[in-house]
Amino acid sequence: MWGLDFSVLDWNEIGVASLDTLKMLVASAVFTFILGLPLGVLLYQCSRSSSGWVRAVYNILSVIVNILRSVPFIILIVALIPFTVSIVGVSYGVLGTIPPLVIGAAPFFARLVETSLREVDRGVLEAAQSMGASTWQIILKVLLPEARPGLLAGLTITVVTLVSYTAMSGMVGGGGLGDLAIRYGYYRYQKEVMIISVLAMIVLVQLLQMAGDRLVRHFTRK
Amino acid sequence: MIELKQVTKKYGKGAKTTEALSGLDLTVHKGEIFGVIGHSGAGKSTLIRCMNLLERPTSGEVWVDGVDLTKLGKQQLQTQRRKIGMIFQHFNLLSSATVYDNIAFPLRLAHVDKTAVAAKVDELLQLVGLEAHRDKYPAQLSGGQKQRVGIARALASDPQVLLCDEATSALDPQTTDSILKLLLDINRKLHLTIVLITHEMHVIQSICDRVAVIHQGGIVEEGTVTDVFLKPKHPVTREFIQGQAGESAQLALQAPHDGSSRICKLTFLGEKTYDSILSRTARETGVDFAILQGTISKIKDIPYGQLIVRLEGDAETIEKTIQRVTAEGLDVEVMN
Ligand SMILES: Nc1ncnc2c1ncn2[C@@H]1O[C@H](COP(=O)(O)OP(=O)(O)OP(=O)(O)O)[C@@H](O)[C@H]1O
Ligand SMILES: [Mg+2]
């Protein structure tokens, strides 16, 4: 069919690559969440403050976040090699890819968190304030629960973005499906491997998006 | 219970400053329902939001239950705010929480233990008549039901004071009445001091004991609802009351009359509303009268009647009639 011969595929290798992609994805998603959520809350809180120097902190944070978001991911990986080595000991393979993935995705997720917190009705925050809620209580018991659908939608977008980041990290020996597609499909002209790898990623993205949408719908009360 | 002293609130800086409140003084007594009425932009919301420091006055003092809130630190203010409940025009419920969890919210903020929370919430659900809706989310409720949740939530921490910011303005007339009745019930049952702001005279008339009229950031008239309502002094107050009485009173005042006849507004208050004072007096003095317009209504639960009549006869008879009915306890205002 179309001059393709799928019998040459090494399914074992494809299986290992898929597993690697999943590992990278899960680990980087967890750390992105752990880092990005507080960062997003911090951005939100600083942006609402009336004090001059807190707003200055916001502007600085905001610039850093924008810089990290505007550096192409492939360059970020290379630029972060010393940092990556100092944290996980290697700059390649599954382990070596996780730090740049997290550094690349956390600022992105933080912005999405900030945006969804801003959507929370000001009146509800005021009501909580009038009941004597402290700042922490407002964050934990009002802002985050009220913004939950938005946060889940943001997380879904972030994880889907991470799928394409893991593929890019294949360019520089990151392992996983992207790596496979580049090595066989591009350098050795084995179109079959590339097609299968890309298909696997498409399916993965579809599944993630569906799961995310489901969760968002489950938690939407409006 | 609440005392505002020389409260000024300015918004904005420099040339763009708007002064929403200008050196305002106000006292609300314990256990009363105090109404504040004013036009849009008069400073009503700013005023009520100063009472729990959601809005910090630019200068002045805010005393609630013997404490000057403007002098408190952040944590002390949070503790004091638990004694001051508040309900809002747009309800401001947590959309992600059930009716039960919304009402439990202030208790959980105060770290009340679980069994006590459950007991309190059940009691409040019963008070506001929402037992059947405890597990619904706000989006599944009507406006009136949402406001009931708002009221229950505001009462959860056993406050001394309830502040109502246009609590009925988003509701239809029937629902408004049921919410007002609930507020009155609560005021009587729990001896709660209630401050409510509104732009509807009807709300003041239904449940308030005293009223203040706010205009351009200052109080222009203040007193018991009967006094202010039946004998308004300031033009803004008159406007609100005329708006209430409607066109027919205006028409009555335009009725034809000759030199000796007099158009008078007679006000009957309380028991006198149902008394036949006018016809009795007319029989004695021999005056004739034409009824031009009449209303009978209630201020809170005091009945009152207002009658616009044209008294006909010679000057002396009319004078005597006016003296007689005044002596009988009616209030007479000669309109021409
Ligand atoms: N956050 C704010 N920033 C700047 N100006 C404000 C702010 N809030 C209120 N104002 C101004 O203060 C004045 C009083 O506003 P306020 O909201 O107290 O009026 P109100 O009597 O509650 O009106 P309404 O009946 O429309 O609610 C208005 O001129 C308004 O424009
Ligand atoms: Mg207002």
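Modeller: Domain bounds come from an automatic or database domain assignment. For chain B that assignment gives domain 1 (2-242) and domain 2 (248-334). The model is predicted, so local features need pLDDT of at least 70 and side-chain atom pairs count only at pLDDT 80 or more, while totals for chains, interfaces and linings use all residues. Residues are numbered from 1 along each chain as its sequence is written, chains are lettered from A and ligands numbered from 1 in the order in which they are written, and side-chain values use heavy atoms, with hydrogens and water left out.

Colleague: How do you know that domain 1 of chain B and domain 2 of chain B are in contact, and how many residues take part?

Modeller: Contact means heavy atoms within 4.5 Å. By that criterion, 14 residues from domain 1 of chain B and 12 residues from domain 2 of chain B take part. The centres of the two domains, taken over C-alpha atoms, are separated by 39 Å.

Colleague: What area do domain 1 of chain B and domain 2 of chain B bury between them?

Modeller: Buried area is the accessible area (1.4 Å probe) that two parts lose on being put together, summed over both. For these two domains of chain B the value is about 980 Å², with 53% of it on carbon and sulfur atoms. On the side of domain 1 of chain B, Gln205(B), Thr226(B) and Leu230(B) supply 52% of the area buried against domain 2 of chain B, more than any other three residues.

Colleague: Why is the pair Lys300(B) and Asp209(B) called a salt bridge?

Modeller: The term requires a side-chain nitrogen of Lys or Arg within 4 Å of a carboxyl oxygen of Asp or Glu. Lys300(B) and Asp209(B) are 2.5 Å apart, N to O, so the pair meets the rule. Side chains of opposite charge can pair when their charged atoms come close. Across the interface of domain 1 of chain B and domain 2 of chain B the rule finds 3 salt bridges.

Colleague: Which helices of chain B each supply at least two residues of the side of domain 1 that touches domain 2?

Modeller: They are helix 6 (173-190), helix 7 (201-207) and helix 8 (225-230) of chain B. Helices (H or I, at least four residues) are DSSP runs, numbered from the N terminus. Helix 8 of chain B gives the most, with 4 residues.

Colleague: How many residues of chain A and of chain B are in contact?

Modeller: Chain A contributes 20 residues and chain B 23 residues. About 2,000 Å² is buried between chain A and chain B, and carbon and sulfur atoms give 54% of that area. Within chain A, Ser130(A), Met131(A) and Arg221(A) lose the most area to chain B, together 33% of what that side buries.

Colleague: Which residues are around ligand 1?

Modeller: A residue is near a molecule if one of its heavy atoms lies within 4 Å of it. Among those around ligand 1 are Tyr11(B), His39(B), Ser40(B), Gly41(B), Gly43(B), Lys44(B) and Glu166(B). An N or O atom in the side chain of Ser40(B) is 2.5 Å from an oxygen atom of ligand 1. A backbone N or O atom lies 2.7 Å from a ligand 1 oxygen atom at Gly41(B), and 3.0 Å from one at Gly43(B).

Colleague: Where do Glu114(A) and Arg118(A) lie?

Modeller: Both lie in helix 5 (residues 93-118) of chain A, 4 residues apart, about one turn of the helix. Over all chains, a search of the whole structure finds 24 salt bridges.

Conventions:
Polar contact = N/O pair within 3.5 Å; in protein donor to acceptor, adjacent residues only side chain to side chain.
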